[in-house]
Amino acid sequence: MSSPTTGLTLGDVFPIGETTITYTATDASGNDFSDSFTVTVVDNQSPEINCPSDISENIDAGTCGAVINYTAPVGTDNCTGASTVQTAGLASGSMFPVGETINTFKITDASGNETSCSFTVTITDNENPTIVNLPEDILVNNTAGSCGATVTWTAPTSADNCTVESLTFASSPTEGLTNGAVFPVGETTITYTATDASGNDFSDSFTVTVVDNQIPVIVGCPSNITKSNDGGQCTATVFWTEPSVTDNCTSSENIVWIKSHTPGTVFPLGTTTVTYTATDEAGNNSVSCTFDVTVEDTQKPVISNCPSNITQGTNTGECSAIVTWTEPTATDNCSDTLVWTKSHNPGDTFPIGTTTV
């Protein structure tokens, strides 16, 4: 007989464990004798378990992970009594964090044989960080006397579904400008860049525009000039020292001058107003420099061919004489038509004696 499993005979399938086989011999007188041995069947077969394939997913929007569902593996064994447990990782339906999570399942049979399998859940953070409260574009005038302006703003912040590693900013085209620095006249772009722990980054920018609204200043505007005509001319060539200019931004060689006249101009008789205006590179016009140039005609007319003294006898039967002569001519540097003042005219009757004409 066999024990504890009874009924087993030579050639039968024996169960796992120890089975005692007992033989008993009995003679005709009823005497008997028993002896036994054991049959021990050892389960040395490992159970089997198959895990799902590796899973790769992006994060759920707005979170730093993703809910992952999978079918948990259940092992099989040649015997009964095996149990499957998860020894690492997260259960199906859990929120898996960004990165790799190794999920390990182990099956152990009743004999203590065990087998494990693992699969990896990889969650990728593909969501860019954001920049919050980026300043609006800034427009300011230059500081008086400066070719720039000090500009400050409230720095923005950044947000991310996970963790923001850094929030940096850069300036262009002038590099190295910081909040509160003196910004040059013109437009500067300030770009903020937020970078998260996964290397995702996001940039946004605003502009700082400094306007040069300061006008140039003309220095050394000449005083009014009065000058006599040039000899033999009805005009005068006039010279003066030209004014200079200062500006907060534009160099003197880049100032654009508008001049009504320049030194060495030939001016007519009378008063002429000379005007200088300076314009800087920003298009600002100076207050005009003005002065008057007055040309006076101080040259007298010249009489030519004045007759010589005339001595003439009286007219017949008269105590006087009618005297004629060729009138003189006159020239002038300016006037084509001269006004003559004459004490007498040719053909006048002159009394006896000397009369000055």
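## Salt bridges in a predicted all-chain view and close-ups

A search of the whole structure finds four salt bridges, a salt bridge being a side-chain nitrogen of Lys or Arg within 4 Å of a carboxyl oxygen of Asp or Glu. This is a predicted model, in which local features need pLDDT of at least 70 and side-chain atom pairs count only at pLDDT 80 or more, while totals for chains, interfaces and linings use all residues. Residues are numbered from 1 along each chain as its sequence is written, and side-chain values use heavy atoms, with hydrogens and water left out.

**Figure 1. Overall dimensions and strands of the protein.** The C-alpha trace spans about 230 × 30 × 25 Å along its principal axes. The protein has 29 strands and zero helices, where helices (H or I, at least four residues) and strands (E, at least two) are DSSP runs numbered from the N terminus. Buried residues account for 27% of the 357 (buried: under 20% relative accessible area; exposed: over 50%; partly exposed: in between; 1.4 Å probe, protein chains only).

**Figure 2. Close-up of the salt bridge between K106 and E114.** The closest N and O atoms of this pair are 3.6 Å apart. K106 is partly exposed, at a relative accessible area of 23%. E114 is also partly exposed, at 45%.

**Figure 3. Close-up of the salt bridge between E242 and K259.** Here the closest N and O atoms lie 3.0 Å apart. E242 sits in the loop between strand 20 (235-238) and strand 21 (244-246), and K259 in strand 22 (residues 256-259), so the pair ties together parts that are 17 residues apart in sequence. Relative accessibility is 33% for E242, which counts as partly exposed. K259 is partly exposed too, with a relative accessible area of 34%.

**Figure 4. Close-up of the salt bridge between K342 and E327.** The N to O distance between these side chains is 2.9 Å. K342 belongs to the loop between strand 28 (329-331) and strand 29 (348-351), and E327 to the loop between strand 27 (320-323) and strand 28; the pair links distant parts of the chain, 15 residues apart. K342 counts as partly exposed at 41% relative accessibility, and E327 counts as partly exposed at 34%.
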